[in-house]
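Trainee: Hi! I've just opened this one and could use a guided tour. Where do we start?

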Amino acid sequence: MFESLTEKLSSALRNLRGVGQLSEANMAEALGEVRTALLAADVHFKVAREFVERVQAQCVGQAVLKGVAPGQQVVKIIHDELVRLLGEGTTALSPARPLKILMVGLHGSGKTTSTAKLAKLLKKRGYSAPFVVGCDIYRPAAIDQLEILARQEELGFYSDRVSRDVPAIGDAGLAAAKAANADAIIFDTAGRLQIDHDLIAEVKNLRARVQPDEVLLVADGALGQEAVNVAKAFHDALALTGLILTKLDGDARGGAALSIKSITGVPIKFVGTGEKTGDFDTFHPDRLASRILGMGDVVSLVEKAQENIDQKEAERMAEKMRKADFNLEDFLAQMQQVKKMGSMQSIMGMMPGMSGMQVPDGAEAQMARTEAIIHSMTPQERRKPELLNGSRRKRIADGSGTKIVEVNQLMKQFGQMQQMMKMLKGGPNGGGMKKMMRQMEAMKGKGGFPGM
Amino acid sequence: MFGLFKKFQAGFAKTVSALAGKTAALFGHKAVDAAALAEIEEALYSADFGVETTGEILAEIKTAVRKDPGLQGRQAAELGAAVLARVLAGSEGRIEGGARPPAALAAENTTGCLVPPATPTVIALIGVNGSGKTTTAAKLGWRLKQEGHTVMLAACDTFRAAAVEQLKAWAGRLDLEIVASRTGADSAAVAFDAMQAARVRGRDFLLVDTAGRLHTKVNLMEELAKIRRVLQKHDPAAPHHAWLVVDGSLGGNSVEQARVFHKSFGLTGLVVTKLDGTSRGGALAAIWRELRLPIYFIGLGEQPEDLQPFKVGSYARAVFGLEDKQD
Ligand SMILES: Nc1nc2c(ncn2[C@@H]2O[C@H](COP(=O)(O)OP(=O)(O)O)[C@@H](O)[C@H]2O)c(=O)[nH]1
Ligand SMILES: [Mg+2]
């Protein structure tokens, strides 16, 4: 999509070469393409129009740079403006202690899950004993859901399954959290329509009672034009302090974020990227800008790799590979490293041009089976795969619930891999793994995209 | 069997008032000028109709204005509604058209020929996280029960914390039969048991609630295929309906959702939820254009009665702020 926007822009601006300056007239067609791209990404109609006008104002009068295709020049202006807009404000949370956070939003936007995710993140950041309070008394079992997540993540929890008085529940939750010496208290609320007067009044009362330091709107990343109405009404009623954009592990382009940002001006603080409680990140405007324009998310991928791959372990592995004494034990360890980065699908989603693509059928299951097979071997067998005779293979297949052919296949592949390593051994580029890590480092530092 | 859903029709007025608010002012008795056309365009885009449908409607209105410069807003609205109704023609899903008649029909049928033995009509509800599957399962169960059918629910979302409890709570509240296990259990096993129970007890409908999954997750799609396989052990035609439950406040991504779910699971229709807000679910037009999946119901709230059959005429008129024509 990015390519195609770039291509469209290049062809729309082709006749610009030698013209010297960008003008309203010679940019009209190109800006029409930009508008269409924004609308296709679910940016609100008016917001898209204003955005295009702003970009136009910036472009007009600029000299067409020598050596740069005018299309690229315009894409750069658009991208930068989008990053600027999306990134206005800070992702930092209020420094208050205890930090009180109120989560609000439409039905099914992901408030409960995000509540648990945020609490987990705060815990990681050093807040002591994060506490969650269940204020959704409407959706059946919503309180159960939060309680289960709280238990899973070892968070403090309070709710009341009898009371119908939401502000009172909030109050009691606050007291319980303070008694537990919580540094951070997050209030999960029921999904509500912005036009539901009673429910909006209820959450306003809750807000007045617990006096949160942060009021975060939780919005589905695939939200359409409705984003504008929702954001405006919630902001008017509750004075939002930030936005959490969820379900970004899908392929929605996330244009709603630009709409919400433009309408409320509140900063986007976090993004949800999966169903696991760890799938939650601080917001990065450049990534979302790329996504709205349809570019991949290389930076995220690189960072994820860096966060999760243990540097020492990687070095050790590289050394082993170089010496070609890589055994099945190492193979297993490496697979677990990759798994720490998230599901294969979410890794795929971050690669340029692959965001819409699917992990090949059964790849994830295949990996699980491979793991099961290796797990069913004795440590000795893992270190010396040549020990694996027919009867051992049968035992392993039975133990891992796979078939002997699968075990054989794995051993064959592993054999090929070892062969390859032996070939690489001692070559001029020994230490390929290290080199790869260096490359990743360089990409991260640059933070840019090819062709930009 | 005639008018299986007769009662539903009365409730549709609710959509009209919910959807009409914004466009009402636009289509008065003033002549349509350039400014009005721009506003119509904006209104259509703001309803998530997207480039294609917006373009088509706008083009016809423009042509009409060119022919008759005195064309009033109200007439333009009528025209727009007619174009939209044409675009959506054939998109009303009706359960009677299912692969197999409900068991109740078999019982009613006195001629005794060509009616297969009674097995439940199975409806599987699938979709992304939070789209409204569980609530729809409950509301639909209640509807069918109101119509005199016997219904069983299958709690196959064994993934999300407390999803089983959520459907159980609904079943208790609405007095519906349910087969459920616990979180973490094998969803296909639950589907199998539920189908078994529904057959043994001779229930008319089995409604299968499933875990939310983003359409981009292949491994979770595989789980759906497994649910289908076990249902088919009981009845090769099951599930007779596989409906994608789509959140009506989403934008263009719902088209992608439908496309992918359809490709990997084979959908037979849609339920569009959360149209009780100010969103108008325009993305359904794009889905219909591309995939021709009929829309069976729309969700208009969280109460059991807030599930209404989709009616093209009412919907198209509501979008343009026109009252529903009584039929
Ligand atoms: N306003 C409104 N809310 C709905 C509608 N359908 C479902 N919901 C709400 O949306 C939320 C998510 O619904 P749920 O059925 O749990 O979604 P699931 O994850 O797809 O099973 C719940 O709070 C429901 O009450 C609807 O038609 N209108
Ligand atoms: Mg559910």
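Mentor: Let's start with a term: two strands pair if DSSP finds at least two bridges between them. And keep in mind that this is a predicted model.

Trainee: Okay. How do strand β2 of chain B and β3(B) pair, and over how many bridges?

Mentor: Strand β2, residues 151–156 of chain B, pairs with β3(B) in the parallel sense, over three bridges. Leu153(B) has Ile178(B) in β3(B) as its bridge partner.

Trainee: What sheet do they belong to, and in what order do its strands run?

Mentor: Eight strands of chain B make an open sheet with mixed pairing, in the order β3-β2-β4-β1-β5-β6-β7-β8. At the edges stand β3 (177–179) and β8 (307–309) of chain B; each has a single partner strand, so one side of each is left without a neighbour in the sheet. On average, neighbouring strands of this sheet are turned by 25° against each other, direction ignored.

Trainee: Which strands does helix α9 of chain B touch?

Mentor: Helix α9 (residues 187–200) packs on the sheet and touches β2, β3 and β4 (205–210) of chain B, with its direction at about 170° to that of β2(B). Helix α10 (residues 218–234) of chain B packs on the sheet too, touching β1 (121–126), β2 and β4, and its direction makes about 160° with that of β4(B).

Trainee: Let's zoom in on Val208(B). Is it buried or exposed?

Mentor: Val208(B) has 30 other C-beta atoms within 10 Å, and because 20 or more count as buried, Val208(B) is buried. Its place is in strand β4 of chain B.

Trainee: What is Val208(B) in contact with?

Mentor: Leaving aside neighbours within four places in sequence, its contacts include Val122(B), Ala154(B), Cys156(B), Ala191(B) and Pro239(B). Ala191(B) is 17 residues away in sequence, yet the two C-alpha atoms are 7.2 Å apart in space.

Trainee: And which residues of the largest nonpolar core touch the most other members?

Mentor: That core has 187 residues, and the ones touching the most other members are Ala154(B), Leu167(B), Leu207(B), Val208(B) and Leu270(B). A second, separate core has eight residues, including Ile374(A) and Met377(A). In soluble globular proteins, nonpolar side chains tend to be buried together.

Trainee: New topic: helix α12 of chain B. Which of its residues are buried?

Mentor: In α12 (residues 283–291), the buried ones are Ala283(B), Leu284(B), Ala285(B), Ala286(B), Ile287(B) and Trp288(B). Their cover includes α4 (50–67), α5 (73–87), α11, β6 (269–273) and β7 (295–299) of chain B. After α12(B) comes Arg292(B), with a positive phi near 55°.

Trainee: How do α11(B) and α12(B) cross?

Mentor: Their axes come within 9 Å and cross at roughly 35°, and the crossing is right-handed. Among the residues making the contact are Ala258(B) and His262(B) of α11(B), and Ala283(B) and Ile287(B) of α12(B). By class, this contact has six nonpolar, two polar and two charged residues.

Trainee: Last one: how many residues of chain B are in contact with chain A?

Mentor: 36 residues of chain B are in contact with 37 residues of chain A. On the chain B side, the elements giving two or more residues are α3 (34–46), α8 (163–174), α10 and α11 (253–265). The largest share, four residues, comes from α8(B). That side divides into twelve nonpolar, 16 polar and eight charged residues.

Note on methods: Residues are numbered from 1 along each chain as its sequence is written. Chains are lettered from A and ligands numbered from 1 in the order in which they are written. This is a predicted model: local features need pLDDT of at least 70, side-chain atom pairs count only at pLDDT 80 or more; totals for chains, interfaces and linings use all residues. Axes are lines fitted to C-alpha atoms, for helices over the stretch in contact, and angles run from 0 to 180 degrees between N-to-C directions. Two residues are in contact if their C-beta atoms, placed from the backbone, lie within 7 Å. Ala, Val, Leu, Ile, Met, Phe, Trp, Tyr, Cys and Pro count as nonpolar, Asp, Glu, Lys and Arg as charged, and the others, Gly among them, as polar. A residue is buried if 20 or more other C-beta atoms lie within 10 Å of its own, exposed if 12 or fewer, and partly exposed in between; C-beta atoms are placed from the backbone. A nonpolar core is a set of buried Ala, Val, Leu, Ile, Met, Phe, Trp, Tyr and Cys residues joined through C-beta atoms within 7 Å. A crossing is left-handed if the near helix is turned anticlockwise from the far one by less than a right angle, and right-handed if clockwise.
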